[in-house]
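The following note sets out points on the structure shown below. Please read each point with the model in view.

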Amino acid sequence: MASSSYEKPDFWSRKAFSEGYPARSVYKLKEIDEKFGILKKNHNVLDLGASPGSWTVFVLRALEETGHVTSIDLNPLAKEVTAQNLTFIQGDLYEQQVRNQALKLGPYDLVICDAAPPTTGNKTVDTARSVGLVELAIYYAKTMLKPRGNFAVKIFQGGDQQKLLKEMREIFEVAKGFKPEACRTESFETYLIGLNKKQQAENNE
C-alpha cells in the first residue's frame with residue numbers, strides 16, 4: 001500500500017490525465033484564476049519553470065488562440081504541448097541570455113511560476129532554495145510585467161512569506177498568500193499572488 005499520496009495517483013492526478021493535462025498542478029492555477037481573475041483573453045503570458053506544461057496548456061486553452069504564451073524551463077515541455085501562439089525557451093532562468101529572450105517577447109500581462117527546486121528532504125535547505133526561486137520570479141515580474149499586470153508564484157511554507165509579500169506590496173496594489181485545495185494534504189507548498197502592478201514599479205532595473 002502506498003505510504004503517501006505522492007506514490008499513488010490521487011483524484012487530481014487522474015482528473016488531469018483525463019482532461020489532457022501533463023500534471024495535476026493545473027488545478028492549482030485554475031483555483032488561483034477563479035479566485036483572483038488573473039488571466040484574460042488576449043493576454044501576453046510568461047510561464048516560468050513551465051515543464052512539463054500543465055500551466056502552459058491551461059493558459060493556452062483560456063486564451064483560445066488569442067494572446068501569446070512564453071514558457072521557460074531547463075527541461076522540454078511534454079511533446080503534446082504545442083500551439084502557434086506558444087514560444088518555448090529552453091534554458092536556465094538565471095541566465096542573462098534567457099532573460100533577454102523573455103524580455104524581447106514582453107511586456108507581459110501575467111507572470112506565473114510553479115517552479116520548485118530539487119528537494120533534499122531537509123526542509124530548511126529546500127525552503128531556502130524555494131525562496132531563491134521566488135525572488136527570481138519576482139525579478140521577472142518587476143522587470144517584465146505591464147502596469148496593472150498580475151503575478152502568481154509557488155513557495156514552500158516557512159520560506160519567509162511575509163518578507164516576500166512585503167516586497168511584493170512595493171510592486172503590486174495587492175499581494176497575498178493563497179493555498180489551493182488541489183495542493184496535496186502533506187505538501188508544504190503555497191502561493192503568493194500579486195495583483196495590479198503599480199505604475200511606478202519600473203520595468204527595468
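1. A residue is called buried under 20% relative accessible area, exposed over 50% and partly exposed in between, with a 1.4 Å probe and protein chains only. Gln161 counts as buried because its relative accessible area is 17%. Gln161 belongs to helix α6; helices (H or I, at least four residues) and strands (E, at least two) are DSSP runs, numbered from the N terminus. What does Gln161 touch, not counting residues up to four places away in sequence? The residues are Ile155, Phe156, Thr190 and Leu192, where contact means heavy atoms within 4.5 Å.

2. The model is predicted, so local features need pLDDT of at least 70 and side-chain atom pairs count only at pLDDT 80 or more, while totals for chains, interfaces and linings use all residues. Residues are numbered from 1 along each chain as its sequence is written, and side-chain values use heavy atoms, with hydrogens and water left out.

3. The sheet is open and has 7 strands, in the order β3-β2-β1-β4-β5-β7-β6, with mixed pairing. Two strands pair if DSSP finds at least two bridges between them. At the edges are β3 (86-90) and β6 (172-178), each of which pairs on one side only. From one strand to the next, the twist averages 10°. Axes are lines fitted to C-alpha atoms, for helices over the stretch in contact, and angles run from 0 to 180 degrees between N-to-C directions.

4. Strands β1 (residues 44-48) and β4 (residues 108-113) run parallel and are joined by 4 bridges. Within this pairing, Leu48 stands opposite Cys113 in β4. Helix α2 (residues 26-36) packs on the sheet and touches β4, β5 (145-156), β6 and β7 (189-197); the direction of α2 makes about 40° with that of β7. Helix α4 (residues 96-104) lies across β1, β2 (68-73), β3 and β4, and runs at about 170° to β3.

5. A nonpolar core is a set of buried Ala, Val, Leu, Ile, Met, Phe, Trp, Tyr and Cys residues joined through side-chain atoms within 4.5 Å. The largest such core has 31 residues, and those with the most contacts inside it are Leu46, Leu48, Tyr140 and Phe151. Two or more residues each come from β1, α4, β4, α5 (123-144), β5, α6 (161-169) and β6. Helix α5 gives the most, with 9 residues. Apart from this core lies another, of 27 residues, among them Tyr27, Phe58, Leu110 and Ala152.

6. How many aromatic pairs are there? The count comes to 4, where rings of Phe, Tyr and Trp (its six-membered ring) pair if their centres lie within 6.5 Å; planes under 30 degrees apart count as stacked, over 60 as edge-to-face and the rest as tilted. Phe36 and Phe178 form an edge-to-face pair, at 5.4 Å centre to centre with 85° between the planes. This pair links helix α2 to strand β6, its residues lying 142 residues apart. Phe36 is buried because its relative accessible area is 15%, and Phe178 is buried because its value is 16%.

7. Phe151 and Phe172 form a stacked pair, at 5.9 Å centre to centre with 5° between the planes. Phe151 lies in strand β5 and Phe172 in strand β6, 21 residues apart. Both Phe151 and Phe172 are buried.
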